[in-house]
Amino acid sequence: MSVSYSKENGIFRLDTANSTYAITVNEGYICHLYYGGRLCGNDDLRYLLENTGGPFRIQDNIRDKANAMDSLPFEYPCFNTGDYREHALEIRDSYGSFACDIKYVSHRIYNGKPETEGMPCSFEGEGKAQTLEINCLDEAVGLEVMLLYSVFENSDVIARSVVLKNCSEEKITLRRVFSASVDINRRDFDMITLNGSWARERLVSRSPLHMGKQSVDSIKGESSHQHNPFFALCSHNCDENTGEVYGFCLMYSGNFTAQAEVTQFGCTRALIGINPLLFEWSLEKGEHFTAPEALLTYSSEGLGGMSRSYHDFFRRHVIRSRYKYSERPVLINNWEATYFNFNTEKLLSIAREASKLGIEMLVMDDGWFGHRDSDNSSLGDWFVYKEKLGESLKPLVDEVNSLGMKFGIWIEPEMVSPDSELFRAHPDWALRIPNREMTMAREQYVLDFSRKEVRDCIYAQIKEILLSANIEYVKWDMNRPLTEVWSAELPPERQGEVSHRYVLGVYELMERLVTDFPDLLLENCSGGGGRFDGAMLYYSPQIWTSDDTDAKERIAIQYGTSLVYPPSAMGAHVSDCPNHLTGRTTPFETRGHVALSGTFGYELDVTKLSDNDKNMIPTQIAYYKKYSHLVREGDLYRLGNSANNGLWDCWMFVSKDKSEALLTYVQQYVTPNYPAPVIRLRGLDSDVVYDADGRALTGSALMNCGLAMEKLWGDYKSRLVHIKKK
Ligand code: DGJ
């Protein structure tokens with residue numbers, strides 16, 4: 001890994017183990033030269049600028065400046081000065097003009113990785129980093145723009161961010177500040193995005209790029225169930241193992257835009273950043289604004305290569321929790337077991353039975369506070385529901401601890417119920433617009449987390465609860481999107497800041513929580529997987545992946561999520577059947593196998609389970625103890641997908657030293673008179689002899705000829721196969 005600048009040819013180069021990113025300055029403009037496979041020589045890549053669509057060099061013909069501006073590959077494209085493609089930066093100056101145009105001023109190359117102020121960002125962690133800082137200026141307006149690029153010694157991910165500073169005397173209004181833009185001199189790509197809905201999050205969409213703009217975004221105040229702040233551009237022939245792919249991932253949990261534009265000259269501009277809708281930021285003299293970080297990666301080893309790069313990066317450089325590689329306590333959550341209908345006795349009956357089976361933590365979900373018996377009250381009143389649980393949580397927690405189990409709770413700090421003491425005392429603490437009716441969703445309103453006093457009040461209550469008993473886990477939920485985004489604390493001209501300030505407020509509170517309770521296991525959640533993004537991983541080593549725990553559906557959700565995020569971060573539980581969301585019945589064993597590819601836990605009433613199912617729990621827990629290190633630390637290879645082959649899914653985790661692997665095979669659909677597949681494995685050592693399902697086979701045979709699966713009797717049957725060096 002290195003960052004270099006060649007005085008000879010004026011080229012900045014960012015080299016990772018397998019990729020190169022090159023930038024130059026052309027007549028003051030910061031131009032993108034190349035991003036792709038690692039270059040070995042010190043070639044003068046400036047010839048690439050000549051092929052950007054026409055013989056447009058700015059100095060050749062001033063009257064054609066607009067053409068040059070519209071075809072040059074820019075590192076950080078601006079608006080209203082001749083580049084008509086989608087832009088990364090848009091401002092409004094004191095004249096009311098929208099124009100901006102940034103030019104190179106200076107640069108710095110240094111060891112280390114700067115923080116992104118007030119926001120989650122990557123850090124050196126397990127491996128050194130180097131940073132390139134390019135300082136630019138829009139002289140006419142007096143706006144400084146700092147472009148930051150960091151590379152890491154053990155990663156193919158490049159972290160980009162942008163800091164803007166107003167060095168003029170007048171106010172500058174920021175209307176759009178994207179985090180990254182990359183002009184690639186090709187258009188033969190497919191665009192991959194992760195889309196869905198509640199209980200159907202992050203399903204993979206793939207389609208060829210067409211002329212013009214194509215994008216996904218969120219305007220819901222969270223990264224959302226519908227789209228994820230990520231996209232990939234890959235060659236048409238790209239599959240799991242081969243082909244080129246570029247990944248763009250935003251470390252942000254609020255409104256975002258992820259976009260590709262195919263231009264008139266057959267180039268592709270890829271952009272990612274805060275959604276310009278509902279965004280406007282006043283930058284007074286001397287003030288600065290920092291955009292969230294974007295994580296870019298390039299792989300020539302297909303989607304699998306991209307995913308493994310991101311997985312390692314999140315584990316090594318984003319997740320801070322001490323739990324990131326460690327075994328998590330096997331938990332049982334009471335949500336699907338009881339919903340709101342529980343009390344001390346019910347929880348203890350679950351805990352007693354669970355502890356006998358080897359389950360290690362009881363998580364008390366929604367309904368323990370205020371007077372909450374359904375979703376229509378008490379959010380904001382974070383004190384114990386006495387009629388259900390007594391004066392304090394301590395006796396319950398002590399009793400659970402005495403069974404040898406840990407204890408965790410659910411919270412939803414960002415919300416308030418109209419029927420709550422908090423809302424009655426502070427109706428203006430919710431997001432609302434004067435003279436406009438508030439939109440209710442799930443019987444609740446959203447608190448104005450851009451306001452410190454609101455966060456302080458919520459945090460004080462939660463802290464008191466966490467100190468009142470031995471609570472070792474928290475599930476932080478968020479069950480509705482934002483509406484009527486407006487803050488009573490800000491003047492009219494600053495209302496465009498509220499969405500972003502809200503997200504900063506959430507980050508600030510999460511930071512307080514993990515600072516005050518460093519050993520707490522925090523799991524994020526948003527009505528299932530509505531806020532599964534890289535930024536959340538900075539605070540919590542795991543995120544609830546989806547409310548859909550149906551094993552069949554979960555495979556597709558976990559498959560899509562794994563394109564970017566490490567399986568070790570995916571909250572995954574075994575629940576009861578018929579499944580509460582689909583009515584489908586899948587074998588208990590398969591539900592276990594699917595959950596074992598995530599954090600692993602249970603979400604059912606263990607006191608009501610059949611003996612047959614119950615008896616499988618100790619075995620599943622034993623598997624977790626034996627194999628979960630492969631999920632937590634290993635490399636993921638997706639070997640087959642029933643969406644493509646119609647019959648089965650298969651994936652494997654391989655240890656970093658390639659001595660061991662865990663393969664999960666799920667036969668989705670059984671058809672008579674048709675053999676079980678022979679599946680070609682990946683990631684093993686060719687020369688090593690492995691014990692693979694009772695056969696001694698070399699890695700070479702397993703990867704080229706494959707492992708023969710046995711035919712299983714019935715739909716949704718599954719197998720785990722442990723493969724070990726002999
Ligand atoms: C949504 C979560 O995804 C569920 O697991 C559960 O915690 C409910 N909220 C509780 O309201």
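## The β2–β3 pairing

Strands β2 (residues 11-15) and β3 (residues 19-26) run antiparallel and are joined by five bridges. One place to look along this pair is Phe12, which stands opposite Ile23 in β3. Please keep in mind as you explore that this is a predicted model.

## The sheet around it

Let's step back to the sheet as a whole. β2 and β3 belong to an open sheet of four strands, arranged in the order β1-β2-β3-β4 with antiparallel pairing. At its edges lie β1 (2-6) and β4 (29-37), each of which pairs on one side only.

How much are neighbouring strands of this sheet turned against each other on average? The answer is 15 degrees, with direction ignored.

## Two helices side by side

Is their crossing left-handed or right-handed? For α4 and α6 it is right-handed.

Which residues make the contact? From α4 come Thr344, Leu347, Leu348, Ala351 and Arg352, while α6 brings Leu396, Glu399 and Val400. Sorted by class, the contact of α4 with α6 has five nonpolar residues, along with one polar and two charged residues.

Key:
Residues numbered from 1 in each chain as written. Predicted model: local features only at pLDDT ≥ 70, side-chain atom pairs only at ≥ 80, totals over all residues. Heavy atoms only, no water. Left-handed = near helix turned anticlockwise from the far one by under 90°. Contact = heavy atoms within 4.5 Å. Nonpolar A, V, L, I, M, F, W, Y, C, P; charged D, E, K, R; others polar. Pairing = 2+ DSSP bridges. Axes fitted to C-alpha atoms, helices over the stretch in contact; angles between N-to-C directions.
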